[in-house]
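Please look over the sequence and the structure below before reading on. The paragraphs that follow go through the structure one part at a time.

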Amino acid sequence: MEERSKGTRLFKATMAELQEVQITEEKPLLPGQTPEVAKTHSVETPYGSVTFTVYGTPKPKRPAILTYHDVGLNYKSCFQPLFQFGDMQEIIQNFVRVHVDAPGMEEGAPVFPLGYQYPSLDQLADMIPCILQYLNFSTIIGIGVGAGAYILSRYALNHQDTVEGLVLINIDPNAKGWMDWAAHKLTGLTSSISEMILGHLFSQEELSGNSELIQKYRNIITQAPNLDNIELYWNSYNNRRDLNFERGGDITLKCPVMLVVGDQAPHEDAVVECNSKLDPTQTSFLKMADSGGQPQLTQPGKLTEAFKYFLQGMGYMASSCMTRLSRSRTASLTSAASIDGSRSRSRTLSQSSESGTLPSGPPGHTMEVSC
């Protein structure tokens, strides 16, 4: 009995030791186990104060990744699922990143006083140079969603030398026409600000399904203590000017651009139109299946892999391995006429919702990838 008891104690001790070793081995591999140090700053600009959060340290000869969120969100609610995704860790280890909160959208922001004149989207874009000057950063790769995509595009038009690339999700580069305004006013008579913003962020199918994600973001917006501030940002977005992109013209984005939109997203038509106006040799169009209105929330894995391909196309992370999505491409290639009818505008790669890549296309073609 004594021998058996000793054996039992030895077995338990050995198992405890093995368990301890196993935990130690797995620790670096578990997402979120080693949280990054975040430093939040605020700087004064000609259009008021702006708050931003910096993760990581600058890397020699590498741009910063700078994000700008959509209406109704802040940098955490817009980008956290994407940047906390496991496969994204390889990217964030190679780049410092700056998450900008639009004025009054940061956590704990006080409500602006009655009559406060919120900056226009153009003025919000003009705040970015103050951020880069404060951080002493010379170039960026921008990732923007909705209103944030517009702001980064406006910034890139005015500061081309400082933008190495742009990932634009759900961009609508057009000003509202009078029919859009009429529809907006009519909707405003029957819907609350929070419901209108939810309709901007998500598809009607998603809202009708009322999934856990929709419930979460409905609560975030409807219960936001700074809802009055959000309404001001929403009004600025609806008063945006036309970016006036013109293929072959002087007003265009000169850097590599990846346009992203989910299938059946509210902004699908606007993104498709934007794609038709940009330089096809510099632009990739990623239409994501099963992603709804916010691909960075619902399909962070696919978006991460597409972003890696985008970075590789710019000459960064050449040794990065693409493991999550299939490299095999069973595809139907179709050619669509360009907007002026004089050249082939795009090739479309149709892939299943379970796999997809953003391959680099030949010069002169915009890659439209449905994955």
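**Cysteines, helices and aromatic rings**

The count of disulfides comes to zero, where a disulfide is a pair of cysteine sulfur atoms within 2.5 Å. Among the cysteines, Cys255 counts as buried because its relative accessibility is 9%, under the 20% that sets the limit for buried. Cys274 is buried as well, with a relative accessible area of 0%.

The structure shown is a predicted model, and the confidence of the prediction should be kept in view. The protein chain averages a pLDDT of 81, and 73% of the residues score at least 70. Residues 1-33 have a pLDDT below 50, and beyond near neighbours in sequence this stretch has two contacts in the model. Residues 323-368 also have a pLDDT below 50, but that stretch has 111 contacts in the model beyond near neighbours in sequence.

Next come the helices. Helix α8 covers residues 193-201, and seven of its nine residues are buried, so the helix is largely enclosed by the rest of the structure. The buried residues of α8 are Ile193, Ser194, Met196, Ile197, Leu198, His200 and Leu201.

Helix α11 runs over residues 227-238 and has twelve residues. From its first C-alpha to its last it reaches 16 Å, close to the 16 Å expected at 1.5 Å a residue. Its buried residues are Asn229, Ile230, Tyr233, Trp234, Ser236, Tyr237 and Asn238. An α-helix has 3.6 residues a turn, so residues three or four places apart point the same way.

Helix α6, residues 147-158, holds Ser153. Is Ser153 buried or exposed? With a relative accessible area of 0%, Ser153 is buried. Leaving aside neighbours within four places in sequence, Ser153 is in contact with Leu166, Leu168, Ile171, Leu243, Phe245 and Leu253.

The aromatic rings are the next topic. How many aromatic pairs are there? The count comes to eleven aromatic pairs. One of them joins Phe112 and Tyr116: the ring centres are 4.1 Å apart and the planes meet at 10°, so this pair is stacked. An angle under 30 degrees is what counts as stacked. Tyr116 has a relative accessible area of 27% and is therefore partly exposed.

Tyr118 and Tyr233 form an aromatic pair that is tilted, with 6.1 Å from centre to centre and 40° between the planes. This pair links distant parts of the chain: Tyr118 is in the loop between β4 (97-101) and α4 (121-125), while Tyr233 is in helix α11, 115 residues apart. Tyr118 counts as buried at 5% relative accessibility. Tyr233 is buried too, with a relative accessible area of 0%. Phe112, Tyr116, Tyr118 and Tyr233 form one aromatic cluster.

The loop between β4 and α4 is also the place of Met105. At 4% relative accessibility, Met105 counts as buried. Not counting residues up to four places away in sequence, Met105 touches His69, Leu73, Asn74, Tyr118, Asn226, Asn229, Ile230 and Tyr233. Both members of the tilted pair, Tyr118 and Tyr233, are therefore among the residues that Met105 touches, and both count as buried. Asn229 and Ile230, also touched by Met105, are among the buried residues of α11. Met105 and Thr51 are 54 residues apart in sequence, and their C-alpha atoms are 8.9 Å apart in space.

Some rings have a charged side chain over the face. Arg62 lies over the face of Phe95, at 5.3 Å from the ring centre. Arg97 lies over the face of Tyr55, at 4.4 Å from the ring centre.

Two loop residues remain. Lys61 is found in the loop between β2 (48-55) and β3 (64-68), and its relative accessible area of 84% makes it exposed. Gln264 likewise has a positive phi, near 60°, in a residue other than glycine. The loop between β7 (257-262) and α12 (268-277) is where Gln264 is found. Gln264 is exposed, with a relative accessible area of 52%, a value over the 50% required for that label.

Note on methods: Residues numbered from 1 in each chain as written. Predicted model: local features only at pLDDT ≥ 70, side-chain atom pairs only at ≥ 80, totals over all residues. Heavy atoms only, no water. Helix = DSSP H or I, 4+ residues; strand = E, 2+ residues; numbered from the N terminus. Expected span 1.5 Å × (residues − 1). Buried < 20%, exposed > 50% of the residue type's maximum accessible area, 1.4 Å probe, protein only. Phe/Tyr/Trp six-rings, centres within 6.5 Å; stacked < 30°, edge-to-face > 60°. Lys NZ or Arg CZ within 6 Å of the ring centre and 35° of its normal. pLDDT = per-residue confidence, 0-100. Contact = heavy atoms within 4.5 Å.
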